[in-house]
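Please walk me through this structure in the viewer. Tell me what to select at each stop and what I will find there.

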Amino acid sequence: MDRNGVTEGEFEERGMNKCAEQVSHLALDIGGSLIKMVYFCGENSGSEHQQGILSSKESCGLSNGNTNCSVLGGKLHFRKFETSKINECLEFMSSKQFHRNGEDCHGASVSEKNIIKATGGGAFKFADLFKEKLGMTLDKVDEMNSLVAGANFLLKAASHEAYTYMDGQKEYVQIDQNDLYPYLLVNIGSGVSMIKVDGDGKFERVSGTSVGGGTFWGLGKLLTKCKSFDELLELSYSGNNRVIDMLVGDIYGGMDYSKIGLSSTAIASSFGKAVSEDKDLEEYKPEDVARSLLRMISNNIGQIAYLNALRFGLKRIFFGGFFIRGHAYTMDTISVAVNFWSNGEAKAMFLRHEGFLGALGAFMSYRKDGFADLMAHHLVEQVPTKPSRNAGGGLNNSKILKDGNENISIECTMQLSN
Amino acid sequence: MANLTEIQQTIAKNDCLNDSNTSFNNTKNNNKSDKDFVEREAREQREGGGEQDMAPIGGNPIHRSSSRPQLDVSGAAIQGNFEERDPTILLPNQSDDISHLALDIGGSLIKLVYFSRHEDRPVNDRIKKTIKERLGISNGNRRSYPVLGGRLHFVKFETNKINQCLDFISSKQLHCGGMDAHLWHSGVSNENAVIKATGGGAYKYADLFKERLGVSIEKEDEMNCLVAGANFLLKAIRHEAFTHMEGHKAFVQIDQNDLFPYLLVNVGSGVSIIKVDGDGKFQRVSGTNVGGGTYWGLGKLLTKCNSFDELLELSQRGDNRTIDMLVGDIYGGMDYSKIGLSASTIASSFGKAISDNKDLEDYRSEDISLSLLRMISYNIGQISYLNALRFGLKRIFFGGFFIRGHAYTMDTISFAVQFWSKGTSQAMFLRHEGFLGALGAFMSYEKHGLDDLMVHQLVERFPMGAPYIGGNVHGPPLGDLNEKISWMEKFILKGTEITAPVPMAPPGTTGLGGFEVPSSRGGILRPDASKLNVGVLHLVPTLEVFPLLADPKMYEPNTIDLSDPGELEYWFTVLSGHLPDLVDKAVASEGGTDDAKRRGDAFARAFSAHLARLMEEPAAYGKLGLANLLELREECLREFHFFDAYRSIKQRENEASLAVLPDLLMEIDSMDEETRLLKLVEGVLAANIFDWGSRACVDLYHKGTIIEIYRMSRNKMQRPWRVDNFDAFKERMLGFGDKKPYQHKRALLFVDNSGADIILGMLPLARELLRRGTEVVLVANSLPALNDVTAMELPDIVAEAAKHCDILRRAAEAGGLLVDAMINIQDGSIDSSSSVPLMVVENGCGSPCIDLRQVSSELAAAAKEADLVILEGMGRSLHTNFNAKFRCDALKLAMVKNQRLAEKLIKGSIYDCVCRFEPAS
């Protein structure tokens with residue numbers, strides 16, 4: 001099977017082994033290409049490293065004085081599935097017995113146990129399927145709301161969430177919580193949404209483009225016969241886009257068009273070289289095609305994002321969504337585009353949990369129904385244990401950082417109101 | 001006038017210079033006489049027309065047969081200070097074509113703009129001269145204008161067929177034009193002829209040009225050229241820019257004074273986004289690498305198309321929903337209305353390819369092409385809009401080869417701009433979009449004079465090949481008329497093989513349902529059906545805006561809007577129906593020879609093709625009005641050397657009418673002033689029935705004699721007419737109550753048909769005005785159109801009429817109309833200065849209608865002292881100018897000889913009359 005082990009591997013390794021965990025809350029973001037899942041695993045009392053239930057006084061006294069709450073320690077887990085393989089998702093949920101676990105969960109007295117929060121277009125589309133297969137009702141949460149809530153949570157809660165990526169250098173950015181807003185959130189899913197965020201729950205979708213992850217994958221699939229998004233990404237890594245892109249130098253006989261500030265290596269026309277060459281698709285290396293495609297799309301997103309940031313005078317642009325995936329080259333291209341068009345004044349920033357903003361936001365929406373808040377103060381991020389997962393490395397690093405971030409679990413406490 | 005000997009000496013010097021360059025010049029002239037047909041034809045057309053006219057023509061300024069250039073020194077004069085060492089010599093009658101050529105050599109197409117100079121028609125006949133003096137027009141023989149009269153031609157070649165382009169240039173000797181110009185003007189021979197060029201290929205093919213044509217390519221900056229080209233077009237061409245929404249084109253008239261700043265988006269292989277602040281003032285503010293090259297490149301890889309056009313054509317039949325992920329696909333068919341996305345919005349281009357378990361081969365190439373086209377067009381629209389927003393620019397013009405007049409591309413870009421701007425911004429496109437660079441390169445020559453051109457000095461004409469090939473040239477240039485005819489015949493034979501609309505039979509009267517407006521989604525069209533044609537730009541420096549228009553900016557000549565498909569279909573039917581009769585007349589006018597018949601057939605085909613093209617795409621030739629359509633017909637006739645199809649008919653009718661004129665004048669003179677005025681206006685309306693442009697009237701002709709028809713028509717004149725302001729006119733003229741009679745200083749009478757119309761209608765009215773002491777200027781066509789009287793014919797008609805009438809005679813003498821003809825007829829006792837003058841001026845056009853934004857300088861000069869304008873006939877007072885407002889008194893007189901027009905315009909019926917008087921506003 002050419003599944004790249006993304007979902008199943010993790011499923012084996014992390015899911016089943018820790019069956020002692022109690023999955024309590026789970027939220028889904030069912031997009032056009034991927035299903036993103038966030039769930040909270042409470043540690044059973046007596047768990048080896050972590051406290052179980054904290055006393056309410058201990059944790060809540062400081063925050064909101066709500067005396068009728070209990071605090072649950074545990075981890076937020078992140079999973080993703082391909083939407084076309086939604087059954088894997090259903091199986092996973094079934095195996096986790098999540099759908100029957102609600103009632104067992106400590107104090108998580110979700111009154112309607114078989115309801116899960118879900119966002120993304122698929123929350124509408126697959127509602128019946130979930131009902132039928134798992135007996136669960138999907139409670140649809142607005143997609144933009146979720147995205148923004150997820151991003152706001154992460155940017156405020158996680159200390160090393162945002163980072164810049166230039167020339168292979170990853171640099172975490174410390175964001176002053178009091179100076180977070182307004183910012184531009186660019187969510188690159190199948191398509192791209194650009195959202196101006198002014199505060200909690202205060203945001204507006206100001207722009208977007210249909211040239212997004214779905215385009216990369218869809219066109220890539222047609223052009224290279226890759227079977228998966230990750231395979232395509234991996235290919236792009238070893239490709240050379242100059243084989244197929246028309247560069248400024250190709251037009252100007254190797255010279256810069258310096259009058260307008262274009263260097264000879266700037267791409268004048270993506271795929272433009274295919275026009276003049278008498279070659280069939282098969283004669284191009286899939287690697288080169290993938291690379292060209294990636295650059296085209298990343299560059300375009302970076303440019304449109306910058307133009308929108310400029311339009312609203314926003315200093316910060318955060319890029320998220322599954323297209324990024326901590327993929328060095330993608331991030332690099334987007335960063336270069338933003339840097340180029342802004343003359344260095346704006347910087348692209350990325351989020352470590354970029355793929356899960358929506359799911360996380362949907363998860364956050366439980367607060368209205370069950371728990372009071374995810375305790376941002378107490379959130380402790382578990383440092384990934386495997387070095388290879390550490391997102392980093394430059395352009396020359398041929399290793400795809402495909403799991404760089406998405407399966408990092410976040411330790412946190414959940415405050416549950418009674 | 002400078003000393004002629006001096007001039008001849010200087011010219012001899014020039015000749016010597018020519019000698020030193022003999023080989024070149026010999027070649028040039030031989031080639032010219034053999035091959036340079038287009039320009040020659042143009043001249044022949046005019047000269048031919050002139051020769052057949054009655055007025056004498058000055059010495060033939062053209063010397064072609066010689067193997068060496070010869071100069072026509074008639075009228076030569078030294079310009080400027082005589083003491084100067086090398087004074088510039090103006091050779092007003094030197095007609096060797098002095099041309100300029102500029103190229104834009106792109107990756108797929110070579111665009112060529114060239115200029116061919118041609119002289120205005122000789123204007124040294126004495127009658128005209130006298131009138132000019134009378135009107136205070138300074139020497140009409142000398143150009144006081146900075147711009148040369150001539151034509152700008154736009155031609156395209158495929159880059160991979162560059163040899164065709166070289167052959168074309170070589171056969172027309174275009175590359176030598178610039179050199180000639182140097183020679184004539186400075187007397188310095190330049191062996192290193194230079195052609196201005198832009199585009200990537202300007203480097204690549206430089207050696208080829210040197211080798212084949214012996215010329216050097218001088219590379220001009222691409223952006224400079226683009227901007228210069230766009231600025232010129234937007235300033236000089238009235239309806240250059242248009243919007244394109246949902247398959248519908250609407251031309252936008254741009255105020256020259258409010259043009260800047262604007263955003264110019266050039267979509268070539270990549271996209272450049274340029275902010276233009278003025279002439280030569282611009283900045284490339286943005287761009288994107290996702291452009292035409294991406295479309296074509298990706299498209300080629302995905303569909304195996306062999307050409308850009310093929311790929312575009314595929315998209316025409318595509319359905320992008322099979323491959324794009326729509327909002328509805330994600331939301332189970334629902335809109336995501338909260339953020340304003342409808343279910344049909346593309347959420348992710350090519351996104352559906354992810355979940356479908358399909359290979360590339362499983363998708364239709366058509367769908368892929370469309371999806372790609374939408375993705376790229378939409379993206380370009382969005383990025384352009386964001387940049388316009390950034391700089392607060394209202395206007396975004398899109399050009400470049402990617403657009404190619406392709407409807408879906410334009411629609412998608414327009415949609416993107418509309419969508420993102422929430423309707424506050426509009427994408428606009430340019431008719432000459434492919435030629436921006438070439439035009440700009442052309443502008444980079446130092447002395448082109450185009451900067452000074454005004455909108456009203458340009459006339460765009462569409463030659464016979466336009467419906468078939470647009471601006472594309474395949475193969476060598478056409479030679480003489482004979483070649484043109486056989487080319488026409490060949491095309492008809494080949495029919496649909498060639499990308500041309502097949503001339504259809506008139507749709508007949510099947511009703512309203514049968515007519516299909518070209519739509520960007522239709523699969524029935526040629527792929528480039530919505531592509532607009534580019535004509536030949538005639539630069540006519542002598543054209544001016546009619547000074548008496550109340551509001552030239554708001555003036556719209558056409559009364560009927562042909563963008564209404566119903567109207568277009570109707571006029572299409574009318575013109576098609578009238579065609580056989582017109583061809584008969586035309587062939588008969590040339591003696592009915594076999595050659596004339598063959599030309600007649602070719603004309604019918606060419607004109608049918610024009611009509612078919614316009615039915616297919618009404619905006620193909622720019623903003624279409626009835627006036628343009630009628631003029632097109634006349635131009636098409638002239639193109640096949642039918643210079644005056646109605647000549648014999650006009651003559652016959654003139655003779656018949658002149659015979660009864662004395663009786664009419666006697667009858668009129670027996671009436672009192674008030675009755676006379678009414679009878680005269682009645683007479684004008686009645687005589688306006690003679691109109692070969694009207695089907696109904698043509699039928700009348702077959703039933704009775706001219707005089708019978710006229711009597712019948714007069715007897716039918718019963719007031720009130722359908723539009724009847726006669727009383728107001730009468731009060732103005734004769735006074736009423738407290739109001740004093742108003743004596744106009746000068747009246748301009750725009751006359752219509754020959755025969756009874758002019759002789760029994762307008763001349764008696766003119767005579768009445770003269771009698772009242774008003775100067776009269778008869779304004780007639782410069783070139784024949786149907787049976788309309790021309791300015792060339794009028795002096796003889798007046799002379800003939802004056803034989804029977806002292807008033808006319810004295811006035812005609814005073815106006816200089818009778819200098820030759822009448823000198824011995826009457827005794828010299830009457831002092832000609834005792835009469836106000838009767839004059840004739842040409843209106844500058846050759847159409848049954850008149851666009852008052854472009855009239856002859858003579859007419860403009862005559863208008864300066866005029867305080868009464870009388871427009872007569874359907875063409876000039878109904879089809880055009882019905883709603884025109886003037887700064888002086890205006891009277892519009894016509895009989896409506898068309899049922900539909902009568903219903904539409906005056907809610908009346910056929911043969912109703914219009915007498916519309918509008919006092920000075």
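The tour below moves through a predicted model, stop by stop.

**Stop 1**

Now centre on B:Asp362. It sits in the loop of chain B between α13 (352-355) and α14 (365-390). B:Asp362 is partly exposed, because its relative accessibility is 46%.

**Stop 2: a salt bridge between B:Arg364 and B:Asp367**

Select B:Arg364 and B:Asp367. They form a salt bridge, with the closest N and O atoms 2.8 Å apart. B:Arg364 is partly exposed, at 40%.

**Stop 3: two cis peptide bonds**

Go to chain A and select A:Tyr181 and A:Pro182. The peptide bond that joins them is cis, with omega about -10 degrees. A:Pro182 belongs to the loop between β8 (169-172) and β9 (183-188) of chain A.

Switch to chain B and select B:Phe260 and B:Pro261. A cis peptide bond joins this pair, and omega is about -10 degrees. B:Pro261 is in the loop between β9 (248-252) and β10 (262-267) of chain B. As background, most peptide bonds are trans.

**Stop 4**

Most residues other than glycine have a negative phi. Here are exceptions to look at.

- Select B:His641. Its phi is positive, about 65 degrees, although it is not a glycine. B:His641 lies in the loop between α21 (626-639) and α22 (647-669) of chain B. The residue is buried, with a relative accessible area of 15%.
- Select B:Asn881. Its phi is positive too, about 70 degrees, and B:Asn881 is not a glycine. Look for B:Asn881 in the loop between α31 (874-879) and β24 (889-895) of chain B. B:Asn881 counts as buried, because its relative accessibility is 0%.
- Select B:Gln173, which follows α5(B). The phi of B:Gln173 is positive, near 55 degrees.

While you are there, colour helix α5 (residues 162-172) of chain B. Its buried residues are B:Ile162, B:Cys165, B:Leu166, B:Phe168, B:Ile169, B:Ser171 and B:Lys172.

**Stop 4: a seven-stranded sheet**

Show chain B as a cartoon. An open sheet of seven strands runs in the order β19-β25-β24-β23-β20-β21-β22, with mixed pairing. Which strands stand at the edges? They are β19 (723-724) and β22 (838-842) of chain B. Each has a single partner strand, so one side of each is left without a neighbour in the sheet.

Next select β20 (residues 746-750) and β23 (residues 868-872) of chain B. These strands pair in the parallel sense over four bridges. B:Leu749 stands opposite B:Ile870 in β23(B). Strands of a sheet pair through backbone hydrogen bonds.

**Stop 6**

The whole structure holds 56 salt bridges over all chains.

Start with B:Arg461 and B:Glu635. Their salt bridge has its closest N and O atoms 3.5 Å apart. This pair links distant parts of the chain, 174 residues apart: B:Arg461 is in strand β17 (residues 458-461) of chain B, and B:Glu635 is in helix α21 of chain B. B:Arg461 is buried, with a relative accessible area of 18%. B:Glu635 counts as buried at 14% relative accessibility.

Move to B:Asp581 and B:Lys585. Their side chains meet in a salt bridge, 3.3 Å from N to O. Both residues lie in helix α19 (residues 565-589) of chain B, four residues apart, about one turn of the helix. Both B:Asp581 and B:Lys585 are buried.

Then select B:Asp669, B:Arg676, B:Arg767, B:Glu768 and B:Arg771. A network of salt bridges links these residues.

**Stop 5: a loop glycine in chain A**

Finish on A:Gly313. What loop holds A:Gly313? It is the loop between α12 (286-312) and β14 (316-320) of chain A. A:Gly313 counts as exposed, because its relative accessibility is 58%.

Terms used. Residues numbered from 1 in each chain as written. Chains lettered and ligands numbered in written order. Predicted model: local features only at pLDDT ≥ 70, side-chain atom pairs only at ≥ 80, totals over all residues. Heavy atoms only, no water. Helix = DSSP H or I, 4+ residues; strand = E, 2+ residues; numbered from the N terminus. Buried < 20%, exposed > 50% of the residue type's maximum accessible area, 1.4 Å probe, protein only. Pairing = 2+ DSSP bridges. Salt bridge = Lys/Arg side-chain N within 4 Å of Asp/Glu carboxyl O.
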